[in-house]
Amino acid sequence: MTDAYLARIGKLIRDARQHRGWTQTQLADALGTSQSAVNRIERGNQNISLDMIARIGEALDSEIVSLGYAGPMHLRVVGGRRLSGAIDVKTSKNACVALLCATLLNAGRTTLRRVARIEEVYRILEVLSSIGVRHRWINDGNDLEIVPPAELDLASMDTEAARRTRSVIMFLGPLLHRMDHFKIPYAGGCDLGTRTVQPHMTALRHFGLEITATDGTYHAQVDRSVSPTRAIVLTERGDTVTENALLAAARHDGVTVIRNASSNYMVQDLCFFLEELGVQVEGVGTTTLTVHGVAHIDRDVDYAPSEDPVEAMSLLAAAVITESELTIRRVPIEFMEIELAVLEEMGLDHERGPEYAADNGRTRLVDLTVRPSKLSAPLDKVHPMPFPGLNIDNVPFFAAIAAFAQGQTLIHDWVYDNRAIYLTDLNRLGAHVKLLDPHRVLVEGPTRWRSAEMMCPPALRPAVVVLLAMMAAEGTSVLRNVYVINRGYEDLAERLNSIGAQIEIFRDI
């Protein structure tokens, strides 16, 4: 390799290591080499084999370079452009992955409409295919048809795909009804600090599931003599925890009461889907769900998940910080009302159209027009709460909006250990974001955004926030290795270009 290539690869390795929060010594230990060798590699002063690059990429869970297929994707952003026109919100990523896991409950054919074509969905489909579930994209690739086998082949599970998505944890609820012993890999996904799976284990223990974790694998054993004898009280009001409990309750032949349940958008979509399977769910939209399960489900069902409120918030933030007038269509307003109330307090000029039903017939949608506004920092801190509070995944977008607004905004992301830290990446683009502790940042606005070249944060929402800030910054910015964005957004760059952005997708090395 030339010296120039060695230097470029070294910079990519250094950025990936720093985003993972590792020291050079920690990376050296993972590779079985010395800290001085890692230092030479990162400075571009040591020849490095393709095998070593692959080992480093595996250790850092980063696509530094790829062999035999296209390398990591990067974005080149020409900022300072106004957006205009209208854009539709895509279906919910989190609902789609929950519904894919829920297809394991059904012996019949499942058709899901307008499924998000994103990496997270692809990973779940790879896992499902590896255990014998057949799927095909139909209707010009817009819809997805899924047909399960009579017997699942868990021994053939694609563990590499499974480790790259946290959603695989939702296999536990359906699988405990299909076999007495099974195993799945540890759940992966975004780097958001310690996220315990203990609430899942506590909830599913009511259905006889016991888990031992060894060597990167969850080993599950099911005691068929155990079934819920009283209400299941979830120890955290989490979305995936609630979904796992619902998936287990759906095939339990009896009535299961789930308390302290999440009532968030993806949980509601799962409840609506379970009703299509013949499972009665009372209390949808509340924190107490009563599930009338059925022992065997064999139905051909057709279901359309609703739109994604987090994508809607992404598009709204893009309009705000680029000072654009933009119409965002198909916004699930029930899951955006608190966010809009905060933004109204800050001075947002916007207009809502009349409500209409989503394709699932249940979720309320509106078309939302956002206009250029002079914003002031909110009087109170911005912090998430379980639905109907401000959505946990919408909090990072307020960092970019607060950087645009006049004054100081305190953002308290109490849920995730690391995510607030990634919001300080906005400082590379001219923002003033001060990290107070692992959960709180103080944002001072307004910001004179500036262009920069940087590695994509390893957490989905902060990564998109950085991209939006680049769109507001005059000049050309580069965001490297955007796999994490592709996990949660379908064709985001192309869709932003359709409303006036200038974003080029490219690959190197």
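This is a predicted model: local features need pLDDT of at least 70, side-chain atom pairs count only at pLDDT 80 or more; totals for chains, interfaces and linings use all residues.
Figure 1. Residues are numbered from 1 along each chain as its sequence is written, and side-chain values use heavy atoms, with hydrogens and water left out. F335 and F387 form a tilted aromatic pair, at 4.9 Å centre to centre and 40 degrees between the planes. Rings of Phe, Tyr and Trp (its six-membered ring) are paired if their centres lie within 6.5 Å; planes under 30 degrees apart count as stacked, over 60 as edge-to-face and the rest as tilted. F335 lies in the loop between β14 and α13 and F387 in the loop between β17 (364-371) and α14 (395-404), so this pair ties together parts 52 residues apart in sequence. Helices (H or I, at least four residues) and strands (E, at least two) are DSSP runs, numbered from the N terminus. F387 is buried, as is F335. Y265, F335 and F387 form one aromatic cluster.

Figure 2. F387 and P388 are joined by a cis peptide bond with omega of about 15 degrees. P388 is found in the loop between β17 and α14. A cis bond also runs from G445 to P446, where omega is near 5 degrees. The loop between β20 (440-445) and β21 (453-455) contains P446.

**Figure 3. Arginine charges over aromatic rings.** The charged end of R76 sits over the ring of F506, 4.0 Å from its centre. R117 lies over the face of W137, at 3.8 Å from the ring centre. The criterion is that NZ of Lys or CZ of Arg is within 6 Å of the ring centre and within 35 degrees of the ring normal.

**Figure 4. The buried side of helix α3.** A37, V38, I41 and E42 are buried in α3 (residues 35-42). They cover an arc of only 135 degrees around the axis, which puts them on the same side of α3; the arc is that of the directions from the helix axis to the C-beta atoms. G44, which follows α3, has a positive phi near 75 degrees.

**Figure 5. Packing of helices α12 and α14.** Helix α12 (residues 309-321) packs with α14 at an angle of about 15 degrees, their axes being 10 Å apart. Axes are lines fitted to C-alpha atoms, for helices over the stretch in contact, and angles run from 0 to 180 degrees between N-to-C directions. The two helices α12 and α14 are therefore roughly parallel (under 35 degrees; over 145 counts as roughly antiparallel, 65 to 115 as roughly perpendicular and the rest as oblique).

Figure 6. Most residues other than glycine have a negative phi. Phi of E323 is positive, near 55 degrees, and E323 lies in the loop between α12 and β14. With 36% relative accessibility, E323 counts as partly exposed. R330, in strand β14, has a positive phi of about 65 degrees although it is not a glycine. R330 is buried, with a relative accessible area of 17%.

Key
Buried means under 20% relative accessible area, exposed over 50%, partly exposed in between (1.4 Å probe, protein chains only).
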